[in-house]
Amino acid sequence: MLMAHHYIKISPKLDIYMQVHPFSYYKNMIIKNNLHFIKLNHVYFELLYWLKNKHTKMEASEMLRVHDETLNLDVENIIKNIEKTSIILGVSNVLHVYDLKLGNKTFRDLDYQNAEVIKDTVPPNYVPHSALIWKYFCLTNELSEFFKEIKDYSIVVVGMDHLKELNSIFPNMKHYALTFESCTVENREKHLYELYNLINDGKKNIVLFQAGEPYSTWLIYKLSFELKIKNCSLIDMGRALDYFCPNRKMIESDKKKSEGLLHDFSNQRWMNLKFK
């Protein structure tokens with residue numbers, strides 16, 4: 001269990017760091033309704049590398065099946081201007097949560113190319129957080145305990161159909177359903193204002209996202225920075241939420257769209273890891 005604040009080099013070869021904190025750091029911000037957290041992992045930075053280096057469309061198409069070029073470049077602009085917002089940015093250039101030994105000196109450099117893209121995209125004086133923290137906090141059981149504490153809060157979950165299972169933890173939650181098919185540039189303004197109207201209800205909402213990192217990033221940025229929504233925390237927890245959905249099964253259209261990129265619950269290897 002992480003007990004202190006740390007700065008970890010993203011890559012031994014580059015002078016760029018990320019910060020990691022104990023769960024209490026994020027918990028306190030959520031309770032105060034002022035945590036806006038976005039995260040972007042190795043898949044996003046790999047795609048950004050392809051787009052910037054003008055690789056063939058055939059190479060880029062594997063990732064562009066999930067989110068298109070316009071959205072990914074919009075997200076790049078959000079990252080470059082992150083210091084103007086109150087949003088916390090989490091990044092990762094590694095594939096597996098077991099490469100994130102929080103507070104441990106043995107942090108493996110899994111992908112130097114993605115680390116370079118992070119260095120070139122994140123503002124030079126900004127130290128991002130780790131994008132893997134929510135998975136880590138699942139494995140330490142801290143997120144489970146916290147969910148029990150906030151079960152009667154006003155919770156909104158944004159993402160795929162299987163996330164309705166979270167109502168076993170949050171009996172009064174609202175679910176705003178999205179699919180891979182619906183998360184497009186053409187639909188994003190519609191989703192933005194529907195979501196704004198759903199959570200702008202005078203309550204102190206905790207909004208948990210699993211809508212694909214670029215799409216979640218764009219929505220959280222628009223809600224918090226441009227629409228300036230009040231009294232809520234907007235958090236992209238991503239596939240950490242699957243930890244609490246043991247019957248997770250993707251609908252066929254989403255499975256086809258994300259083939260090779262996402263897996264059903266039983267194939268998410270990080271869930272079988274153990275942290276003391």
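Among the elements of the chain, mean pLDDT is lowest in helix 3, residues 57–64, at 48. It is highest in strand 3, residues 36–40, at 97. This is a predicted model, so those scores set how far each part can be read. Over residues 56–61 the pLDDT is below 50, and the stretch has three contacts beyond near neighbours in sequence. Residues 96–110 also fall below 50. That stretch, however, has 43 contacts in the model beyond near neighbours in sequence. Where pLDDT is low, the predicted coordinates should not be read in detail. The chain as a whole averages a pLDDT of 82. Of its residues, 76% score at least 70.

Now the overall build. The chain holds 10 helices and nine strands. It has 276 residues, and 53% of them are buried. Take the contacts between residues at least 6 apart in sequence: 74% of these join residues at least 24 apart.

Next, a pair of helices. Helix 1 covers residues 23–31, and helix 7 covers residues 142–149. Their axes come within 11 Å and cross at roughly 25 degrees. An angle under 35 degrees counts as roughly parallel, and therefore helix 1 is roughly parallel to helix 7. The crossing is right-handed.

Which residues make this contact? From helix 1 come Phe 23, Lys 27, Ile 30 and Ile 31. From helix 7 come Glu 142, Leu 143, Phe 146 and Glu 149. By class, the contact has five nonpolar residues, three charged residues and no polar ones. An α-helix has 3.6 residues a turn, so residues three or four places apart point the same way.

Stay with helix 7. Its buried residues include Glu 142, Leu 143 and Phe 146, each of which also meets helix 1. Ser 144 and Phe 147 are buried too. What do the buried residues of helix 7 pack against? Their partners are helix 1, helix 6 (133–139) and strand 8 (205–210).

Finally, look at one residue in helix 8. His 191 lies in this helix, which spans residues 188–199. Is His 191 buried or exposed? Its relative accessible area is 5%. The cut-off for buried is under 20%, so His 191 is buried. Leaving aside residues up to four places away in sequence, His 191 touches Tyr 176, Leu 178, Ser 182, Cys 183, Tyr 215 and Leu 219.

Conventions. Residues are numbered from 1 along each chain as its sequence is written. This is a predicted model: local features need pLDDT of at least 70, side-chain atom pairs count only at pLDDT 80 or more; totals for chains, interfaces and linings use all residues. Side-chain values use heavy atoms; hydrogens and water are left out. pLDDT is the predictor's confidence in each residue, from 0 to 100. Helices (H or I, at least four residues) and strands (E, at least two) are DSSP runs, numbered from the N terminus. Contact means heavy atoms within 4.5 Å. Axes are lines fitted to C-alpha atoms, for helices over the stretch in contact, and angles run from 0 to 180 degrees between N-to-C directions. Angles under 35 degrees count as roughly parallel, over 145 as roughly antiparallel, 65 to 115 as roughly perpendicular and the rest as oblique. A crossing is left-handed if the near helix is turned anticlockwise from the far one by less than a right angle, and right-handed if clockwise. Ala, Val, Leu, Ile, Met, Phe, Trp, Tyr, Cys and Pro count as nonpolar, Asp, Glu, Lys and Arg as charged, and the others, Gly among them, as polar. Buried means under 20% relative accessible area, exposed over 50%, partly exposed in between (1.4 Å probe, protein chains only).
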